[in-house]
Each structure stands twice: as C-alpha cells, then as structure tokens.
Amino acid sequence: MAPADMKRLLIYLAALLAGSAWLSAQQASDSPGADDPQNLLNIQFQEDLRVFTVMAAINAAGFDYEKDGQSMSDVRQSVRSALEQSLDESMKARLAASFQQHAQVASPRDRHVAYTSLALILSGPPDFQLNMKEADMPGDTWRVRGFQSLLADFFKMGKIDELWDRYRSRYTTELAGYVPVLRESIRRTLDYFRIPVRVMVDRRIILIPDLLNAHDIVNARNLERTYYVVVGPTDDPSNNVVQLQHEYLHTLVDPLMARQSKVLEEHRGLFELAEAQPQMRSVIQQRYELMVIESLIEAIQLRMNPPPEEAMKERTVRLFREGLVLFPFFYRSLADYEENELLALPSFLDIILQNIDEKSVEEDRRAVVRMEQEMEAERAAAEAELAAKNEDVRLHNRRVQLLQESGRMMSENRLQEAEETLRTLLSEYPDEPAALFYMAQLKSKVGLHDEAYGWYRKTFESQAEAWIKASSLLRMGRIDAARGRFDQARQRFQAVQQLEGDLRGAEEEARDLLSKLPPAQ
C-alpha cells in the first residue's frame with residue numbers, strides 16, 4: 001500500500017472511532033425529545049424593541065428603500081405616518097442630518113445593515129446606550145456611531161412605546177410563519193450531517209422580524225456566539241430559507257472548525273490567493289478561518305440544493321472570485337462524504353481537512369479562469385445573437401414602414417413620392433415581393449404597361465405569397481391579351497390554375513379570362 005493511501009486509511013479509521021465517540025457523547029447530552037426538530041433548539045424567536053426603535057428613526061430620517069415592484073408594508077406606512085405627526089421639525093431635522101452624514105456607509109439597499117447592527121449592540125429604552133466600547137464596534141456599525149445619541153429623545157417624542165404596543169402582535173404573527181420553515185430546514189440539515197438534534201449550550205440563533213424594512217431583506221450579524229438574523233417583511237417566509245439555513249450551519253460548523261485550528265494553520269498560505277480575488281467579501285477580509293468556514297457552508301448548501309449545471313458554473317466562479325477559494329475543494333469532498341454512509345459529517349470533516357491539497361486549489365483557480373472565458377464567450381455569442389435579432393426586427397420594421405408609406409402615397413395619388421419611396425426600399429431589399437408588386441401597380445396606374453409587365457414578372461419570380469404570384473400572372477396575361485399575344489395570355493391564365501394555396505379568387509378570375517380569349521390557333 002502506498003504511503004499516501006496508508007495515511008488516508010489511518011485518518012479514516014481515526015475519524016471513524018472519533019465519530020462513534022462523538023455521537024455517543026452527543027446522544028448522552030441531548031435532552032428528552034431533542035431529536036424532534038419542532039423543538040427548534042438553540043433558536044430564539046424575539047420581537048425586539050431596539051430594532052423597532054432604530055428602524056423607526058431612520059424611516060423618519062429619510063430611509064425609504066423598497067424593492068422594485070413592492071409597496072412598503074402596511075406597518076411601515078402606518079408608523080411613518082404616525083411619526084410625521086408626532087415629531088417636531090427640529091427632531092426631524094436632527095435625524096435627517098445624522099442619517100445623511102452616514103449616507104456614504106453603503107447603498108440605499110444595504111444601508112439598513114449598519115443600523116440594524118447598531119440596534120443589536122444597544123441597551124433598551126429609555127437610554128439606548130452602547131453595550132461595548134466604540135473602538136470595539138463592528139466596522140459598518142462604527143461608521144454610524146453617534147446616531148444612538150438621538151434615540152432617547154426620539155423614543156419619547158415619537159411615543160415609540162405606544163406604537164410598539166400597537167404593532168407588536170404583528171411581529172409575533174410574522175415570527176410564527178417562520179417556525180415550520182425553520183423546522184424543515186433544520187431537519188434537512190441534520191439529516192445531511194447524519195446527526196441528532198442537540199442542544200448547543202454556547203451558541204444560539206435569534207430571529208428578529210423587522211417590518212419597517214424592505215421586503216425579504218435578511219441581515220445576519222454574529223456577536224461572539226450569538227447569531228442574529230433580522231428579517232424584513234415577507235409574503236412567504238420560505239423566500240429567506242437559504243439565509244436562515246446559512247446561519248444555522250454556522251452554529252454547526254463554527255465549533256467543528258474551532259477544533260481544527262492546527263490543521264487549518266498549515267494551509268494559511270491559501271489566504272493570499274483569497275485576498276487576490278477581485279470581489280473578495282468584505283466580511284472575510286483579514287479573517288482566514290472565516291474564509292474556510294464560508295467556503296464549507298456554501299459547499300454544503302449547494303450539495304443540499306444543487307442548481308442547474310449552467311447556474312452551478314456561474315455560482316462556482318462567483319464564490320471563488322468572492323474569496324471562497326476552498327469552495328470547489330469542499331464541494332468535491334462532500335460528494336465523497338455522500339457516498340460514504342458510515343460517518344457523520346463532523347467525523348468525515350477530519351478526513352476532508354487532512355486532504356486539503358494546495359495544488360488542487362491552484363488547479364481550481366485555473367479551472368475558474370477557463371470557466372470565466374467560456375462564460376464570456378457564451379455571453380458574447382448571446383449578445384451577438386440578440387443584436388442580430390434586434391437588427392432583423394429593425395430592418396423588418398423599416399420595410400413595413402416604407403411599404404406603408406408608399407401604399408398611403410399611392411392611395412393619395414402622390415405617385416412620384418410613392419415611386420421614390422419604393423426605389424429607396426428596393427435599393428436596400430431588391431427582392432422584397434410587396435415592393436415589387438407595388439411598383440408594378442404604380443407603373444400600371446400611370447399607363448406604363450410595358451414597364452409594369454416587367455415588374456409583375458419580377459414579383460412572380462420572387463418569394464411572394466401564392467395570391468400575389470397569381471395576381472401578377474393575371475395582370476401579365478391581361479397585358480399580353482391587350483397586345484394581341486393570346487397564346488402567352490393563355491399560358492399565364494393556365495399557370496394561375498396550377499398554383500396551390502390561398503389564391504384569393506384568382507383561380508376563378510383566370511378561368512373567366514380564359515373563356516374570353518379567342519380559340520387557340
């Protein structure tokens with residue numbers, strides 16, 4: 001057996017023993033009934049007056065972002081209307097000035113993140129004091145520091161306690177909608193991990209509704225070992241299941257990775273590759289361990305919820321370029337885990353981490369470059385195809401426009417203008433059947449029957465519809481008959497009778513005209 005294979009075997013056996021011990025310990029520590037996900041262990045549902053107050057304040061200050069096609073929630077509209085009446089102009093101006101001062105923090109869509117995060121590190125009313133030193137505040141929250149100094153006065157003047165009492169039941173109802181969604185998400189996640197529900201005494205998720213925000217907005221913030229998830233109003237809680245599952249996975253993966261610090265340290269050099277990525281997530285900057293964790297969580301979620309192949313390619317490129325350079329490695333490794341039914345994921349993770357290969361990560365980098373090139377070529381081809389279709393539409397519309405103009409001019413007896421328009425059209429589209437027929441009609445109308453005859457012939461030889469071909473033959477036959485060319489006229493009328501399709505009465509007219517010709521010699 002090769003040394004590398006022996007090493008893998010020893011790692012596997014060690015993980016198997018460790019996994020057995022780990023499962024036994026967890027099962028012994030679980031509370032009665034803990035294997036039922038409906039208990040939603042370590043998840044706390046909470047209406048939060050601090051979040052309500054801060055979000056009411058920034059709404060009064062000018063925060064009016066809402067997703068396209070959505071109207072603000074009725075609670076948000078009502079609170080905004082109440083604050084418009086209860087706040088004096090001085091308070092409104094102070095709030096607006098502070099909010100505008102911090103407007104550079106992020107785009108209107110993301111600005112709420114800093115303020116909801118600020119709410120989570122405040123004490124409650126009436127003082128709204130910071131629960132940590134300003135120097136220790138998270139980066140985005142630090143940029144909006146000082147806004148909390150307005151909240152005590154705002155709370156009192158805006159009668160926020162009365163508004164909270166009025167709408168708190170709506171927040172409770174909003175939370176209730178998430179219970180079945182979270183229950184199913186937890187069940188599926190634990191099934192994938194092959195572990196029972198367990199109480200994590202040192203970690204918890206707190207789900208907080210925020211009806212004063214835009215629809216289906218999710219703000220996740222980790223403060224030490226508490227994972228806050230603040231969700232905007234939604235018509236369907238399952239819209240946010242991916243983000244909720246992501247935070248639940250943190251409670252499972254974070255402690256597992258904490259025990260693997262020595263193994264992870266051996267591959268810290270990979271973080272240079274992560275930092276070199278053009279769209280590196282700000283949250284993982286200077287945080288190597290979090291880069292590894294996020295790579296694993298994204299891989300787990302996509303193994304559990306696989307997208308279509310083309311979407312998977314785009315997702316792989318995006319995640320890698322966001323700095324999650326271990327995502328492809330973890331995604332492949334989890335395929336091996338799924339085939340191995342003996343180990344739970346916490347145990348198999350030991351094998352995965354022991355087999356991190358920096359050369360394979362470099363190969364992943366090159367694969368991402370190739371995928372980007374393929375996607376760019378596909379985008380360029382799609383754009384070219386769309387441009388061609390748009391040009392075809394433009395040319396079609398131009399043909400239709402010129403035909404309509406020439407037809408209108410002929411009906412108004414503006415024959416010279418009509419001819420000029422038709423010649424313009426035919427210079428661009430020499431085989432346009434309708435234009436050829438119109439020109440023949442025009443020449444016939446001004447008595448130039450020989451010229452008309454030539455245009456009718458061109459019309460018949462074009463890709464015209466059957467009834468236009470038939471009409472052209474009839475008119476050529478009439479001219480032949482008028483010139484005494486009866487044999488040619490007879491051939492034209494007989495040719496009409498051989499045509500197939502909707503001739504719009506041309507066959508009957510040809511039969512009538514044939515009956516009026518002199519007998520064939």
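Which residue forms a salt bridge with Glu 265? Select Glu 265 and Arg 268: the two form a salt bridge, with the closest N and O atoms 2.9 Å apart. A salt bridge here is a side-chain nitrogen of Lys or Arg within 4 Å of a carboxyl oxygen of Asp or Glu. Glu 265 is partly exposed at 43% relative accessibility, and Arg 268 is partly exposed at 33%. (Buried is under 20% relative accessible area, exposed over 50%, partly exposed in between, with a 1.4 Å probe and protein chains only.)

The model is predicted: local features need pLDDT of at least 70 and side-chain atom pairs count only at pLDDT 80 or more, while totals for chains, interfaces and linings use all residues. Residues are numbered from 1 along each chain as its sequence is written, and side-chain values use heavy atoms, with hydrogens and water left out.

**Salt bridges**

The count of salt bridges comes to 40. Next, select Lys 92 and Glu 89, whose closest N and O atoms are 3.4 Å apart in a salt bridge. Both belong to helix α4 (residues 89–101), and because they are three residues apart there, about one helical turn separates them. Helices are DSSP runs (H or I, at least four residues) numbered from the N terminus. Lys 92 is buried at 13% relative accessibility, whereas Glu 89 is exposed at 58%.

Move to Arg 281 and Glu 298, where the side chains meet in a salt bridge at 3.0 Å, N to O. Arg 281 is in the loop between α12 (270–275) and α13 (288–304) and Glu 298 is in helix α13, so this pair ties together parts 17 residues apart in sequence. Arg 281 is buried at 18%, and Glu 298 is buried at 12%.

**α10 against α13**

Contact means heavy atoms within 4.5 Å. Residues of α10 in this contact include Val 242, Leu 249 and Met 257, and those of α13 include Leu 290, Ile 297 and Glu 298. By class, the contact has 11 nonpolar, four polar and three charged residues.

Select α16, residues 345–354. Eight of its 10 residues are buried, so the rest of the structure largely encloses α16. Among the buried ones are Leu 345, Phe 348 and Ile 352. Asp 357 lies in the loop between α16 and α17 (358–411) and is partly exposed at 36%.

**α19 against α20**

Finish with helix α19 (residues 433–445) and helix α20 (residues 449–461), whose axes come within 8 Å and cross at roughly 165°. The two are therefore roughly antiparallel. In the contact, α19 contributes residues including Leu 436, Phe 437 and Lys 443, and α20 contributes residues including Ala 452, Trp 455 and Tyr 456. The contact residues divide into eight nonpolar, four polar and three charged.

Notes: Axes are lines fitted to C-alpha atoms, for helices over the stretch in contact, and angles run from 0 to 180 degrees between N-to-C directions. Angles under 35 degrees count as roughly parallel, over 145 as roughly antiparallel, 65 to 115 as roughly perpendicular and the rest as oblique. Ala, Val, Leu, Ile, Met, Phe, Trp, Tyr, Cys and Pro count as nonpolar, Asp, Glu, Lys and Arg as charged, and the others, Gly among them, as polar.
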